[in-house]
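Please take the sequence and the model shown here and follow them part by part. The paragraphs that come after are meant to be read with both in view.

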Amino acid sequence: MSGSKVDGELVVRKIEADFSEAKINWLPSDPELAQFWNAVSIGLPMLEGHLIRALARAKKHLPAEREDLFADCELFCQQEANHTKAHLKFNEKVAESGFYPEIDTHLSRLKADYVRYDKEMDLRFCMHYAEGFETVGPILAEYFLVQANRRLTEKDVDLVTLSLWRWHLSEEYEHRCCAFNVVEALYGSYWGRVHGIVKAMSHLLGFAIPLSEYMLRQDVEAGRIDGGIRGRWRKFRSYMGMTTFIVPRVLRAFSPWYNPINLKPPKGCDEVLEIASQTLSLNKMAERAYETV
Ligand SMILES: [Fe+2]
Ligand SMILES: [Fe+2]
């Protein structure tokens, strides 16, 4: 696949990933931040599975003249499936370490939620949930690409894991309009959109924070990282950094005039996607990570 694309067109990149040399603590200066994103990674395959099922169902209800949107839904689902495959490989690495035996307990609670959504909630709920998550996606992309660009030059940063997030979240920016357009075509409800954002964010955080706290406790007990005041201070800084960056942007997305088409690409996003298209490999992206600083 070449790196060129028609403006606005979604590109499906089947990315190879070898995490055998990757580190679970991929950001040694900020293990609390690394574990927060590791916890998100662990939940993503289930979350993205839910999004794929919602979009795959929703596309069948689109008006006949929205062939463009139908095609977007298919590309969206393929992109999300590729994200899931890559995250599963990273998650396997975390599970194989044996450091965190209670991950499965956290995952089974998340799974129970999605089984319930599939059974009890209608497509309208599932699509607004998907739209809510997809609203946060490009914000996280911007946060992550800005932070990542600052952290690329830090000592001992694991560039393969960093490349996983840089590629994934750049594609979240790329397909940011799909769920929004589907919801607009099928429902067009402002309050449904607001509720979807709140629901998706609180659901994701309700999973990721307790899991990352558990993983950090295990790390401190085993002496892999230092806890105490230094650990609490790092966590406070990391969480404050994320909150002050993300919350105002989410609030802006509550505007009735919000449309993700108007969001500018985060710095480095186009370059990351270009290199992803050329290499189709996280390991090769890692080798070229400094080109996008
Ligand atoms: Fe994704
Ligand atoms: Fe997405």
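A residue is called buried when its relative accessible area is under 20%, exposed when it is over 50%, and partly exposed in between, with a 1.4 Å probe and protein chains only. This is a predicted model, in which local features need pLDDT of at least 70 and side-chain atom pairs count only at pLDDT 80 or more, while totals for chains, interfaces and linings use all residues. Residues are numbered from 1 along each chain as its sequence is written, chains are lettered from A and ligands numbered from 1 in the order in which they are written, and side-chain values use heavy atoms, with hydrogens and water left out. Helices (H or I, at least four residues) and strands (E, at least two) are DSSP runs numbered from the N terminus.

The iron ion (ligand 1) is held by Glu48 (OE), Glu80 (OE), His83 (ND1), His168 (NE2) and Glu172 (OE), at 1.9 to 2.3 Å; donors here are N, O and S atoms within 2.8 Å of the metal (3.2 Å for Na, K and Ca), and the site may look incomplete because water is not among the atoms. Along the sequence, the donor residues of this iron ion (ligand 1) follow the spacing E-x31-E-x2-H-x84-H-x3-E. Since His83 belongs to helix α2 (residues 67-96) and Glu172 to helix α5 (residues 159-174), the pair ties together parts that are 89 residues apart in sequence. Both His83 and Glu172 are buried.

Next come the aromatic side chains. A pair of aromatic rings is described by the distance of the centres and the angle of the planes. Rings of Phe, Tyr and Trp (its six-membered ring) are paired if their centres lie within 6.5 Å, and planes under 30 degrees apart count as stacked, over 60 as edge-to-face and the rest as tilted. The structure contains 18 such aromatic pairs. In one of them, the ring centres of Phe19 and Phe90 are 5.5 Å apart and the planes meet at 70 degrees, so this pair is edge-to-face. Because Phe19 sits in the segment before α1 (31-58) and Phe90 in helix α2, the pair ties together parts that are 71 residues apart in sequence. Phe19 is buried at a relative accessible area of 5%, and Phe90 is buried at 0%. Elsewhere, ring pairs join Trp26, Phe36, Trp37, Tyr143, Phe144, Trp165, Tyr239 and Phe245 into a cluster.

What lies over the face of Phe99? It is Arg224, at 3.8 Å from the ring centre, and Arg176 is placed over the face of Tyr173 at 4.0 Å from the ring centre; a charge counts as sitting over a ring if NZ of Lys or CZ of Arg is within 6 Å of the ring centre and within 35 degrees of the ring normal.

Arg224 is partly exposed at 33% relative accessible area, whereas Asp219 is buried at 5%. A search of the whole structure finds 16 salt bridges. Among them, Asp30 and Arg151 meet through their side chains at 3.2 Å, N to O, and this pair links distant parts of the chain, with Asp30 in the segment before α1 and Arg151 in helix α4, 121 residues apart. Asp30 counts as buried at 4% relative accessibility, as does Arg151 at 13%. Another salt bridge joins the side chains of Lys59 and Glu74 (3.3 Å, N to O), linking the loop between α1 and α2, where Lys59 lies, to Glu74 in helix α2, 15 residues apart. Here Lys59 is buried, with a relative accessible area of 16%, while Glu74 is partly exposed at 33%. Finally, Glu32, Asp226, Arg230 and Arg234 are connected in a network of salt bridges.

Terms used:
Salt bridge = Lys/Arg side-chain N within 4 Å of Asp/Glu carboxyl O.
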